[in-house]
Amino acid sequence: MPIRILPARLANQIAAGEVVERPASVVKELVENSIDAGATRIDIDIEKGGQRLIRIRDNGSGIPKDELTLALSRHATSKIASLDDLEAIFSLGFRGEALASVSSVSRLTLTSRTPEATEAWAAQAEGRDMEVKLNPAAHPVGTTVEVHDLFFNTPARRKFLKAEKTEFAHIDELVRRIALSRMDVALVLRHNGKTVRQYPPAQGEQFQQRLAAVCGNDFAGQCLYIDNQHQQLRLWGWLSEAPRNHPDLQYCYVNGRMMRDKLINHAVRDAYGAVLAEGQHGAFVLFVELPAAQVDVNVHPAKHEVRFHDARLVHDFIARALADALAQAAPPSDWQTTS
Ligand code: ADP
Ligand code: MG
């Protein structure tokens, strides 16, 4: 075969393989877009575990009519313009891939209205070159993305979808992660028309209520609050003294971005030390904050990982801050037998 340029849809479908693993990954990308757009309320409607429909509606800044077509094309982003921007990133998105990828493996409609506009517009990408069709629509200021029939044209992906219940459980877990990362944003999650989660916006002291709503009263009632600073590093959040038998309550964010970070998990284990027996786990909701230029977020397409420029410093700071908090909370003697 001669060398040729792939049609846009096919190129986007290949890129989708990296980010769109399952319905929950679509929800992650779309909700992150809503947060980047400054939304204070996000409604998430799911049908059939996300396979039939994922609908995310927000009250964010909206997209102007003349940018809707671009929003659906690959490598199109309003969030960075240069390598310098990439090295000090404040938004959750920056790759300009999500909408193009998702719309190449589903039937996607993007409907939006900006505060300046008098009417809303809906955009759909079709065909092998993903030409965009625009139609007038009714919509308040903000954006709705509807994703129908995920993976309808990629049978290999569709085959890997699990039962509706399992896929929804992944979405539910993702929404919990987001609900912890942005307590100030109201979130509603519905499945097959039924409201499953409803998180009102929280400020200051109400954080405790959101924490209880997401992590349960057991955790929220007995956890330690920690807020510690060292140079430009800050660590705050909650952790439980008592070990758990499942690693089910471990939430970690770096500059507001949800992470599964080996370095942080290792630091947490170090901090708990001998309190954790084989097979036991700590429980925590932790926020690491540091200057954007000291962390590289462009490590993984789905942005699950970061790279700290000074990993040792971050690790030791977290381990020490948590160990101090645990030591202060524990009674000086016989503390291992009471846990
Ligand atoms: P990225 O988030 O990496 O920029 P996306 O493909 O997810 O790439 O989105 C492309 C662009 O579309 C964004 O940069 C943003 O300008 C716009 N956009 C997407 N979703 C929304 C939304 N919910 N509200 C406002 N603008 C949006
Ligand atoms: Mg995005």
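Just after helix H10, Gly 273 takes a positive phi of about 55 degrees. Helices here are DSSP runs of H or I with at least four residues, strands are E runs of at least two, and both are numbered from the N terminus. This is a predicted model: local features need pLDDT of at least 70, side-chain atom pairs count only at pLDDT 80 or more, and totals for chains, interfaces and linings use all residues. Residues are numbered from 1 along each chain as its sequence is written, and chains are lettered from A and ligands numbered from 1 in the order in which they are written.

Staying with H10: its buried residues are Leu 263, Ile 264, Ala 267, Val 268, Ala 271 and Tyr 272. Buried means 20 or more other C-beta atoms within 10 Å of the residue's own, exposed means 12 or fewer, and partly exposed is in between, with C-beta atoms placed from the backbone. Those H10 residues pack against strand E11 (250–254), E13, E15 and H11; contact means C-beta atoms, placed from the backbone, within 7 Å.

Now H11. Which residues of H11 are buried? They are Val 314, Phe 317, Ile 318, Ala 321, Leu 322, Ala 325 and Leu 326. Seen down the H11 axis, the buried residues fall within an arc of 155 degrees, so they line one face of the helix. That arc is taken from the directions from the helix axis to the C-beta atoms. On the other side of H11, Arg 312 and Ala 327 are exposed. The partners of the buried H11 residues include strand E9 (224–230), strand E10 (233–239) and helix H10 (262–272).

Note on methods: Two residues are in contact if their C-beta atoms, placed from the backbone, lie within 7 Å.
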